Amino acid sequence: MINSLKDHVFWKYAFGKNGIFSGDLDLAFVNIKNVMRFSYMFFAVIIFMQLQNVTVYQNTTLIEPIWAMVIFQGLDPSMLVFVFQSISIIILFLIFFIPKNHTLRILFFIFFFLIIALDSSFGKISHGFHFSLLLAFFFALIPSEKVSNYKIKSILMFATAQFCLLMAYSLTGFWKLFWGVIQLFKEDVSLFSPLALRNMLIHQFEVAGPTVIGLWVMEHYALCYLFYLIAVSIELFALLIFFKANMHKIWGVLILSLHIGIELIVGVSSHAIFYTVCLLLVASPFAKQTNFKETLLCLPVISQLRWLHNKKSN
């Protein structure tokens, strides 16, 4: 199966220099198993932090429930979330002691999905847990050891989870750039204006109260505009580091820094996203260390320019 991947139109790039499949794949598989086992501890933390919903949902009814909650529409939401969370915690307990059981991972994804679906059935969809749900989904798809070529299939599934995470950030950066160009031609305040960050914060603070750091940033918007552009660049170029094993930890830390900045400036909490980025990128099973020069040459844009130069020279 490895040989067929080397000829695959997409995965063949994973075997290049500093590629995610260029290292010891047996070691990568062991690392994936460790990441999976620790990930369910983080899922437990997420669910425990949501236990307050048992009382929050009292005397409430579902408003525009998403499709998964339609069959539960006539039931008490506080009782539903209690049942879903209790079953999820029991499954997590079993997974920790029986980590090789594939059925338990599938069941956990189903009940974790129901918890998030219920949370998004009160007239507003919460995006804070979508990456965690994505992680649970891909872990449910990782095969058991009874399946042929289960090691490489597990590696491919974990890598696909990383790809989807990085793609989501790149799409976020792309749409900011896309609408920035449109606004520029319409002569509106766009991404290319120092007023962009200030206007975004004004709009945000109309919905939620301002933070102390957010007010300071608004007063010094020209100074902070550079950091805003860096944040958009971190999102935009995220997908370009997918095949670069030596960039996973670096970009993971950059994305974490981005979310820390968002929480301090805007006041939007994203602890579930924080955990997911730590598990998929900062603790990437494919990560490798290279010297400073090699790492610098692998940065997005620089590596693409280097590739074009080498192609032109040849």
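The questions and answers below concern a predicted model.

Colleague: Which helix supplies the largest share of the nonpolar patch on the surface?

Modeller: The nonpolar patch is formed by Phe38, Met41, Phe42, Ile90, Phe93, Leu94, Phe96, Phe97 and Ile98, with about 890 Å² of accessible area together. Two helices, α2 (25-49) and α4 (77-97), each supply at least two of its residues. The largest share, five residues, comes from α4.

Colleague: Is Ser88 buried or exposed?

Modeller: Ser88 has its place in helix α4. Leaving aside neighbours within four places in sequence, Ser88 is in contact with Ile47, Phe108, Phe111, Phe112 and Ile115. The cut-off for burial is under 20% relative accessible area. Because its relative accessibility is 0%, Ser88 counts as buried.

Colleague: Which residues does Ser39 touch, not counting those up to four places away in sequence?

Modeller: Ser39 is found in helix α2, the helix that also holds Phe38. With a relative accessible area of 1%, Ser39 is buried. Not counting residues up to four places away in sequence, Ser39 touches Phe139 and Leu279.

Colleague: How many salt bridges does a search of the whole structure find?

Modeller: Side chains of opposite charge can pair when their charged atoms come close. The cut-off applied here is a side-chain nitrogen of Lys or Arg within 4 Å of a carboxyl oxygen of Asp or Glu. One of the pairs is Lys100 with Glu145. A search of the whole structure finds salt bridges to the number of four.

Colleague: How many residues apart in sequence are the parts that Lys151 and Asp26 tie together?

Modeller: Lys151 forms a salt bridge with Asp26, and the closest N and O atoms are 3.8 Å apart. Lys151 lies in helix α7 (residues 150-185) and Asp26 in helix α2, so the parts tied together by this pair are separated in sequence by 125 residues.

Colleague: Are Lys151 and Asp26 buried or partly exposed?

Modeller: Lys151 has a relative accessibility of 34%, so Lys151 counts as partly exposed. Asp26 has a relative accessibility of 46%, so Asp26 also counts as partly exposed.

Colleague: Where do Lys100 and Glu145 lie?

Modeller: Lys100 and Glu145 form a salt bridge, with the closest N and O atoms 3.9 Å apart. The pair ties together parts that are 45 residues apart in sequence, because Lys100 lies in the loop between α4 and α5 (102-119), and Glu145 in the loop between α6 (130-141) and α7.

Colleague: Is Lys100 buried or exposed?

Modeller: The cut-off for an exposed residue is over 50% relative accessible area. Lys100 has a relative accessible area of 57%, so Lys100 is exposed.

Colleague: Is Glu235 buried or exposed?

Modeller: The side chains of Glu235 and Lys176 meet in a salt bridge, at 3.0 Å from N to O. Glu235 lies in helix α10 (residues 221-236) and Lys176 in helix α7, so the pair ties together parts that are 59 residues apart in sequence. Lys176, at 31% relative accessibility, counts as partly exposed. Because Glu235 is at 7% relative accessibility, Glu235 counts as buried.

Colleague: Which helix gives the most to the lining of the largest pocket?

Modeller: The largest pocket has a volume of about 1700 Å³. Its lining comprises 46 residues, of which His259, Ile262, Val266, Val268 and Ser270 lie nearest its centre. Helices α6, α7, α8 (195-207), α9 (212-219), α10, α11 (248-265) and α12 (271-282) each supply at least two lining residues. With eight residues, the helix that gives the most is α10.

Colleague: Which helix gives the most to the lining of the largest cavity?

Modeller: The whole structure holds two cavities of 30 Å³ or more, and the largest has a volume of about 70 Å³. The largest cavity is lined by residues including Ile46, Ile47, Phe112 and Ile115. Helices α2 and α5 each supply at least two residues of this lining. With four residues, the helix that gives the most is α5.

Notes. Residues are numbered from 1 along each chain as its sequence is written. This is a predicted model: local features need pLDDT of at least 70, side-chain atom pairs count only at pLDDT 80 or more; totals for chains, interfaces and linings use all residues. Side-chain values use heavy atoms; hydrogens and water are left out. Patches are made of residues with over 30% relative accessible area and no salt bridge: like charges are joined within 9 Å, nonpolar side chains (Val, Leu, Ile, Met, Phe, Trp, Tyr) within 5 Å. Accessible areas come from the Shrake-Rupley method with a 1.4 Å probe; for residues, only the protein chains shown count as cover. Buried means under 20% relative accessible area, exposed over 50%, partly exposed in between (1.4 Å probe, protein chains only). Contact means heavy atoms within 4.5 Å. On a 1 Å grid over the protein atoms alone, a cavity is a set of points where a 1.4 Å probe fits but cannot get out, and a pocket is an open set with protein on both sides within 12 Å along at least five of seven lines; lining residues have an atom within 4 Å of a point. Grid points are joined across faces, edges and corners, and a volume is the space filled by probe spheres set on the points.
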